[in-house]
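Please have the coordinates open while you go through these notes.

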Amino acid sequence: MELIPNLPDDVARECLLRSSYQQFPVIASVCRAWNREVSLSQFLHQRKASRHSQELLILSQARVDPAGSGKIIATPEYRISVLESGSGLWTELPPIPGQTKGLPLFCRLVSVGSDLIVLGGLDPITWQAHDSVFVFSFLTSKWRVGATMPGVRRSFFGCASDSDRTVLVAGGHNEEKCALTSAMVYDVSEDKWTFSPDMARERDECKAVFHAGRFHVIGGYATEEQGQFSKTAESFDVSTWEWGPLTEDFLDDTGDTVSPPTCAAGGDLYACWGGDVMMFLNDKWQKVGQIPADVYNVTYVAVRPGKLIVIGNGKALAGYGEATVGYICDLSSSRWVKLETHGGHVQAGCFLEV
């Protein structure tokens, strides 16, 4: 059966490749052949290779106080906002079924292929830790429930994905506020969790990034340290299923131990710390720029080809419902351009190319 009557399949496929991601659910509903075509992993790879893919910035954001009172909201309601990088259009994803009070607080967001994964967090009403996993498909524009995170219920864990298939969850603390050494890997395609070997040390409130083929878990603190963040890091190789040696002084060049830097990885590893942009070069952190002065507290950082995205609070003591400030830095010229932001406080984010 032809994809489009009276057209060669390669021409019909080119038409589908040029469609907007927002049209995918309609395309998939037209016929089985179209549904099968857009569901293939090769379809997404071909869109990227032919430069027809669209880059999306996805954020977990608090709703803006409509009255503009500036009051701090005791229990903010978070939802997922999406920025289409090419057009500058902001949209909002449909709510997760059953989550009437918004997203779990402090949940983690990662992308894998054409899926957005929402992991863990705290119930907005009871503040109990979630072990839930929700998956939003940008091909079908629908949510599904993923396999729950095994083991103890954890919060404030590090989380990163390889953008292709695998998600790592590491550290955090259990319901008794004890920091954890355990880590686990989620295979999104198989909807299956597997525990990895334990890390070398406890890491509550650690950061995690995927860089140079490995998952890197950075900082965090042990139970008895209570907020005195470690400057160590360790990396996990999924192919060998092993943790590398502990790097004792990984964060030595980024400041004191009061709080960890906000890290992001692309072709290179970056961190935002105390108003500075730092890059990991020749096994050490070096200052390569300065964050715009009106970003008081960086809440999200991302690295994309040739650019760095920084989002944070626009006031030193901003409430959850107040608007955020964002910038894009051209890494070749170190020039910052203000990003038109949408919504309140950002608690997590990721990029997805679809």
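1. Strand β22 (residues 324-330) is joined to β23 by five bridges, and the two run antiparallel. Gly-326 sits opposite Leu-339 of β23. Strands here are DSSP runs of E, at least two residues long, and helices are runs of H or I, at least four, numbered from the N terminus. Two strands pair if DSSP finds at least two bridges between them.

2. This is a predicted model: local features need pLDDT of at least 70, side-chain atom pairs count only at pLDDT 80 or more, and totals for chains, interfaces and linings use all residues. Residues are numbered from 1 along each chain as its sequence is written, and side-chain values use heavy atoms, with hydrogens and water left out.

3. The open sheet has four strands in the order β20-β21-β22-β23, with antiparallel pairing. Its edge strands, β20 (297-304) and β23 (335-339), each pair on one side only.

4. Aromatic pairs number 15. Rings of Phe, Tyr and Trp (its six-membered ring) pair if their centres lie within 6.5 Å; planes under 30 degrees apart count as stacked, over 60 as edge-to-face and the rest as tilted. Tyr-186 and Trp-193 are stacked, because their ring centres are 4.7 Å apart and their planes at 20°. Tyr-327 and Trp-336 are edge-to-face, with centres 6.3 Å apart and planes at 90°.

5. Tyr-327 is buried, at 11% relative accessibility. Trp-336 is partly exposed, at 21%. Buried means under 20% relative accessible area, exposed over 50%, partly exposed in between (1.4 Å probe, protein chains only).

6. Tyr-21, Phe-136, Phe-138 and Trp-143 make up one aromatic cluster.
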